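Please consult the sequence and structure below alongside the text.

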Amino acid sequence: KKKNFAAAPAMAFLIQCCCDCLGLSSGTAAEPKSMVQLDTTHMGSEAVVVKSGKRLCGTGAALATAPLVQNKSYFEARVMAQGVWGLGVAKLEVNCNSVPLGRDAVSWVLRSDGAIAHNNTELQRLHAFTPEEGDVLGVCYDHTTLEFYLNGRNLECPVSGIKGRVFPVFYVDSNAILDVSFDDFTHSAPPGAFPVMFEKRLI
């Protein structure tokens with residue numbers, strides 16, 4: 001049977017286009033991306049998720065699509081527009097319509113006003129906490145301690161006592177916009193910390 005060699009360049013072009021759209025390489029294997037994003041099935045009814053699941057605006061909270069199952073995880077959020085916002089960790093049953101978070105027993109968050117809240121209690125307050133548009137907040141969790149960062153600097157406000165399966169969580173209100181990242185970080189992750197990934201990719 002005669003082979004159609006003329007189709008090979010066209011096929012290669014289509015493969016390259018697909019790889020480009022997905023952010024993959026058709027050549028040597030690239031470092032795998034986590035593909036974790038904001039979960040549109042677990043977000044507030046007035047929250048809006050855009051930018052391929054990496055931007056949160058509107059009013060409400062959103063969980064990530066993967067829980068924190070690594071020994072030590074790290075993720076970031078950039079403040080794109082000021083307003084009321086927060087980030088941290090929460091269990092799957094958190095009410096994403098009730099913001100600010102931290103008023104229940106299933107969310108632990110750093111709020112834009114510098115309060116670290118859980119179960120309607122202010123665990124700590126950062127009095128010199130004045131993030132601006134463009135600043136990057138980081139969150140590190142190792143199943144023992146939750147830590148927060150501002151532009152790569154540890155804010156030295158550890159939170160402990162968190163038990164059970166938790167997810168990255170973010171919330172916005174009053175025109176705030178957050179751009180989140182679970183793998184392509186602006187600042188280096190803390191020593192021993194890794195991007196958030198789906199459990200099956202850790203095997």
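Helices, of at least four residues, and strands, of at least two, are DSSP runs numbered from the N terminus. On that basis the protein chain has 1 helix and 16 strands. The model is predicted, and the mean pLDDT of the chain is 88, with 82% of its residues at 70 or more.

**Confidence**

- Confidence is lowest in helix H1 (residues 7-22), where the mean is 41, and highest in strand S4 (residues 60-64), where it is 99.
- Over residues 1-31 pLDDT stays under 50, and the model has 5 contacts beyond four places in sequence for this stretch.

- Of the 203 residues in the protein chain, 43% are buried.
- Among contacts between residues at least 6 apart in sequence, 65% join residues at least 24 apart.
- The chain exposes about 10800 Å², of which carbon and sulfur atoms supply 53%.

**Backbone geometry in loops**

- The peptide bond from valine 99 to proline 100 is cis, its omega being near 5 degrees.
- Proline 100 is placed in the loop between strand S6 (84-90) and strand S7 (107-111).
- Lysine 51, in the loop between strand S2 (47-50) and strand S3 (55-58), has a positive phi near 55 degrees although it is a residue other than glycine.
- Lysine 51 counts as partly exposed because its relative accessibility is 49%, and exposed requires over 50%.
- Serine 52 also lies in the loop between S2 and S3; its phi is positive, at about 55 degrees, and it is not a glycine either.
- Serine 52 has a relative accessible area of 65% and is therefore exposed.

**A buried charge: aspartate 135**

- Aspartate 135 belongs to the loop between strand S9 (121-125) and strand S10 (136-141).
- Aspartate 135 is buried and has no salt bridge.
- The nearest side chain of opposite charge is that of arginine 78, 6.9 Å away from aspartate 135; a salt bridge would require a side-chain nitrogen of Lys or Arg within 4 Å of a carboxyl oxygen.
- The side chain of aspartate 135 does reach the backbone nitrogen of glutamate 132, at 2.8 Å.
- Leaving aside residues up to four places away in sequence, aspartate 135 touches Ala77, Arg78, Val79, Leu150 and Asn151.

Note on methods:
Residues numbered from 1 in each chain as written. Predicted model: local features only at pLDDT ≥ 70, side-chain atom pairs only at ≥ 80, totals over all residues. Heavy atoms only, no water. Buried < 20%, exposed > 50% of the residue type's maximum accessible area, 1.4 Å probe, protein only. pLDDT = per-residue confidence, 0-100. Contact = heavy atoms within 4.5 Å. Lys, Arg positive; Asp, Glu negative; His and termini not counted. Polar contact = N/O pair within 3.5 Å; in protein donor to acceptor, adjacent residues only side chain to side chain. Areas by Shrake-Rupley, 256 points an atom, 1.4 Å probe, with all protein chains shown as cover.
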